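Me: Got a model here I'd like to go through with you. Can you put it up?

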Amino acid sequence: MKQYMLSVYQPDGAPPPSVDLEKIMNEVEAWRQEVKDAGEWVFTGRLHAPGTATVVRLRDDEMLITDGPFIEGKEHIGGFTIVQVADLDAALDWAEKFIRIAGLPVEVRPLLDED
Amino acid sequence: MSAPSATAKVERVFREEYGRAVAVLVRVFGDIGIAEEAIQDAFAEALRRWRSAGPPPSPAGWIITTARNRAIDRLRREASRADRHAQAALLHAADEPPEEGPVRDDRLRLVFTCCHPALAPAARVALTLRLVGGLTTAEIARAFLVPEPTMAQRLVRAKGKIRDARIPYRIPKDADLPDRLKAVLAVVYLIFNEGYVAGSGDRLIREDLCAEAIRLGRLLAQLMPDEPEVMGLLALMLLIESRRAARTGPGGSLVPLAEQDRGRWDRDLVAEGQDLVRRCLRRDRPGPHQIQAAINAVHSDAPDAEATDWGQILRLYDLHLALAPSPIVALNRAVAVAEVEGPGPALALVDGLDLDRHHVYHAIRADLLRRLGRTAEAAEAYEAAITRTENTVERDFLRRRLRALAT
């Protein structure tokens, strides 16, 4: 089995009023339960807005702390789920199901094997 | 057996059997790198051995068995040094039957892996030619006019992604098959078109690409005999290829279909292509490749350009547009409309299309305007077409047309 991180990319700011957020959240929850029932769910993390992020870095031996995300962009990672499946096609299947619910692009990326 | 002929024999087996051997060994070891390295070893061994002893009764079987044994020996040495990758490959090999058994399926799996949509299109083409077609990296680089290190890098990167992202080595499930098959056929047609475009790059090598695409098409037709689109693509390539000799005039200039010497068409390829089209028609599961093949078969039927059954071609384009609507198909349909209903109605259709970037759009408009006697506008359209094509042979053709307007 192989682990993949499914990261959801969403536009900055609040979703347009036409989006029924509650309906989508319920369906996403059902999706997550489906992954769990298949025995392929490892972890889900939902993130606060990128404005809440803080970056820490080392500059000339001095710890520098700055407000905001590491990369400023028009989209940010809204959350991620780690699945454990047989191969890329199986991971892509979960991503496709998610996209049909949320309508947001998903990056599927393999985790290095830890053993 | 003399040395040169033994070398030639090994090279022929190498080219013909490479894909088969890679396919079996990827299944056995679950790893493309291990499979390729083992096969290289086995071919080197074949060169030494066959020179003195002559080739064995089943050269391909010998290569596969030797490659497998060599790989296992090497992996055992590496596994004993606690190499996890080698251990995993050995474990994989222990579960897989070593014989060539379902080679058909093995090669099909390899095709679907090479053409996986998670790989970039250029990488799919390169991988398919390398692993399924058995072309060397240098040959692929020359054919695509890129430096060899660039092509090598592209292949390494693609194989790395297959390994790290674990792109599966299997035939896609039924729900995914139509889309995945489309991707496979697109790769083969891309290879064919790359070889077909006249006048760019080394002509001989480019023609090899057409031959290679047809070879892949034949392989797919053999592996997937129940897919009419596979048959349709093969028919389409054969019918286009049949006109190669007639398609270029003295000095490599482009000769359009209507002006070709049809006596120079390859009758064997025409017959084979038309037979495949008839078989597609009997299946009655039309698709874009089959319809394009059928349109080409109608052209092949006509003893001269005047005898072309444009009504039939127009009906095929109507079907094509209904099945897979696209502005390019609509543009080609307009050419048939011009023959059936005249250039006026065709121009009205063409003017409604948003294809300004495409030189073919302007070339077709120019021709329609010329036939309508609107010479000044035709000249403008030819100029627009000329500035938009990078192909020297096509540009020369369009310049000749532009000059002919003045006379």
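Predicted model: local features only at pLDDT ≥ 70, side-chain atom pairs only at ≥ 80, totals over all residues.

Me: What pattern does chain A follow along the sequence?
Reply: Chain A reads β-α-β-β-β-β-α-β. Its C-alpha atoms fill a box of roughly 50 × 45 × 20 Å, taken along the principal axes.

Me: And what's the strand order in the open sheet?
Reply: The order is β2-β5-β1-β6 in chain A, with antiparallel pairing; two strands pair if DSSP finds at least two bridges between them. β2 (41-46) and β6 (106-110) of chain A are at the edges with a single partner strand each, so one side of each has no neighbour in the sheet. From one strand to the next the twist averages 20°, where axes are lines fitted to C-alpha atoms, for helices over the stretch in contact, and angles run from 0 to 180 degrees between N-to-C directions.

Me: How many bridges join β1 to β5 in chain A?
Reply: Ten, between antiparallel strands β1 (residues 2-11) and β5 (residues 75-85) of chain A. A:M5 sits opposite A:I82 in β5(A), and A:L6 faces A:T81 there. β2(A) is joined to β5(A) by five bridges, also antiparallel, with A:F43 partnering A:I82.

Me: Which strands does each helix touch?
Reply: Helix α1 (residues 21-37) of chain A packs on the sheet against β1, β2 and β5 of chain A, at about 155° to the direction of β2(A); contact means heavy atoms within 4.5 Å. Helix α2 (residues 88-102) of chain A also packs on the sheet, touching β1, β5 and β6 of chain A, and makes about 160° with β6(A).

Me: What about β3 and β4 of chain A?
Reply: β3 (residues 54-59) and β4 (residues 62-67) of chain A pair antiparallel over six bridges. A:R59 has A:E62 as its bridge partner in β4(A). The hairpin has two residues between the strands, and A:D60 takes a positive phi near 50°.

Me: Switching topic: how much area do chain B and chain A bury between them?
Reply: About 950 Å², 42% of it on carbon and sulfur atoms. Buried area is the accessible area (1.4 Å probe) that two parts lose on being put together, summed over both. Twelve residues of chain B contact eleven of chain A.

Me: How many salt bridges between chain B and chain A?
Reply: Four, a salt bridge being a side-chain nitrogen of Lys or Arg within 4 Å of a carboxyl oxygen of Asp or Glu. B:R170 and A:D87 meet in a salt bridge at 2.4 Å, N to O.

Me: And how is chain B divided?
Reply: Into domain 1 (1-100) and domain 2 (309-407), with bounds that come from an automatic or database domain assignment. The C-alpha centres of domain 1 and domain 2 of chain B lie 53 Å apart.

How values were computed
Residues numbered from 1 in each chain as written. Chains lettered and ligands numbered in written order. Heavy atoms only, no water. Helix = DSSP H or I, 4+ residues; strand = E, 2+ residues; numbered from the N terminus.
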